Amino acid sequence: MKRSVKPPRVWQRMLSGRRLDLAHPSPMDVEIEDIAHGLARVARWNGQTRGEHAFSVAEHSVLVEAIVRRLEPGLAPEAWLTALLHDSPEYVIGDMISPFKALLGESYKGVEARLQEAIHIRFGLPPITPARLKKLIKRADHVCAWFEAVQLAGFSPAEADGFFGHPPDGISFTLEAKPPAAAQADFLARFAAIQAAMTRVAAK
């Protein structure tokens, strides 16, 4: 007699109590508190950064959103939120370094894309980021990565230039990794500020 094979578990229980199915993520199971908590505890650069604390994806996300606004000041708050959430699937799947993503290929990209769409729908954003905005966010992501690489991850400026391009004139900041609770609070505060701005725009 053959023993039935139990299918593998493909969902994760969140601290909010939500049960997020990675194969078929539902927007109803997405909560910003879970995202902020997770991203504040996911390390950029696989944790290979200087300082007492890891530099988190939550900190990176807040910076990228700020850089997007610097690069293009006339954007609507909806675009700001898209930038803040650009790495949000990593609260579930972690921040895999680019070489590992390349090895995994389409299987990783498919899971990431489904999660991103569910997150966007949950917060009233287009499921797919418009190409022009996606390009702008990628540029801001590279600017942020340059400073992370040089200040935290041990890259020389010339080496970082080769991977990410040199940052535009006028954009400069000093990075210091924060404790997870502080990174989480900053992410949630920025989310709340953007939500308030979106409400004001909608009310006009």
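Student: Does Gly 51 count as buried or exposed?

Tutor: The relative accessibility of Gly 51 is 61%, a value to be set against the cut-off for exposed residues, which is over 50%. This is a predicted model, and in it Gly 51 belongs to the loop between helix 1 and helix 2. With its 61%, Gly 51 counts as exposed.

Student: What distance separates the C-alpha atoms of Gly 51 and Gln 151?

Tutor: Along the chain, Gly 51 and Gln 151 are 100 residues apart.

Student: Near what value is the phi of Asn 46?

Tutor: Most residues other than glycine have a negative phi. In the loop between helix 1 and helix 2 we find Trp 45, whose phi is positive, near 60°, although the residue is not glycine. Asn 46 is also placed in the loop between helix 1 and helix 2, and its phi, again positive in a residue other than glycine, is near 55°.

Student: Why can helix 1 be called largely enclosed by the rest of the structure?

Tutor: A residue is taken as buried when its relative accessible area is under 20%. In helix 1, the residues that count as buried are Ile 32, Asp 34, Ile 35, Ala 36, Gly 38 and Leu 39. Helix 1 is largely enclosed by the rest of the structure because the number of its eight residues that are buried is six.

Student: What is the relative accessible area of Glu 148?

Tutor: Glu 148 is located in helix 7. Not counting residues up to four places away in sequence, it touches Arg 44, Trp 45, Phe 55, His 60, Ala 153 and Leu 175. Glu 148 is buried, its relative accessible area being 0%.

Student: How are helix 7 and helix 8 directed, roughly parallel or roughly antiparallel?

Tutor: The axes of helix 7 and helix 8 (residues 157-164) come within 9 Å, and they cross at roughly 155°. Since an angle over 145 degrees counts as roughly antiparallel, the direction of helix 7 relative to helix 8 is roughly antiparallel.

Student: How many residues in the contact of helix 7 with helix 8 are nonpolar?

Tutor: Helix 7 contributes His 142, Ala 145, Trp 146, Ala 149 and Val 150, while helix 8 contributes Pro 157, Ala 160, Asp 161 and Phe 164. Sorted by class, one of these contact residues is polar and one is charged, and the number that are nonpolar is seven.

Student: At about what angle do helix 2 and helix 9 pack?

Tutor: The crossing of helix 2 with helix 9 is left-handed. The contact is formed by Ala 58, Glu 59, Ser 61, Val 62, Glu 65 and Arg 69 of helix 2 with Ala 183, Asp 186, Phe 187, Arg 190 and Ile 194 of helix 9, and by class there are five nonpolar, one polar and five charged residues. The axes are 8 Å apart, and the packing angle is about 35°.

Student: Is the passage of helix 3 by helix 9 a left-handed or a right-handed crossing?

Tutor: Helix 3 and helix 9 pack at about 155°, with their axes 9 Å apart, and they are therefore roughly antiparallel to each other. Among the residues that meet are Trp 80 and Leu 81 in helix 3 and Phe 187 and Phe 191 in helix 9. The crossing in which helix 3 passes helix 9 is left-handed.

Key. Residues numbered from 1 in each chain as written. Predicted model: local features only at pLDDT ≥ 70, side-chain atom pairs only at ≥ 80, totals over all residues. Heavy atoms only, no water. Buried < 20%, exposed > 50% of the residue type's maximum accessible area, 1.4 Å probe, protein only. Helix = DSSP H or I, 4+ residues; strand = E, 2+ residues; numbered from the N terminus. Axes fitted to C-alpha atoms, helices over the stretch in contact; angles between N-to-C directions. Parallel < 35°, antiparallel > 145°, perpendicular 65-115°, else oblique. Contact = heavy atoms within 4.5 Å. Nonpolar A, V, L, I, M, F, W, Y, C, P; charged D, E, K, R; others polar. Left-handed = near helix turned anticlockwise from the far one by under 90°.
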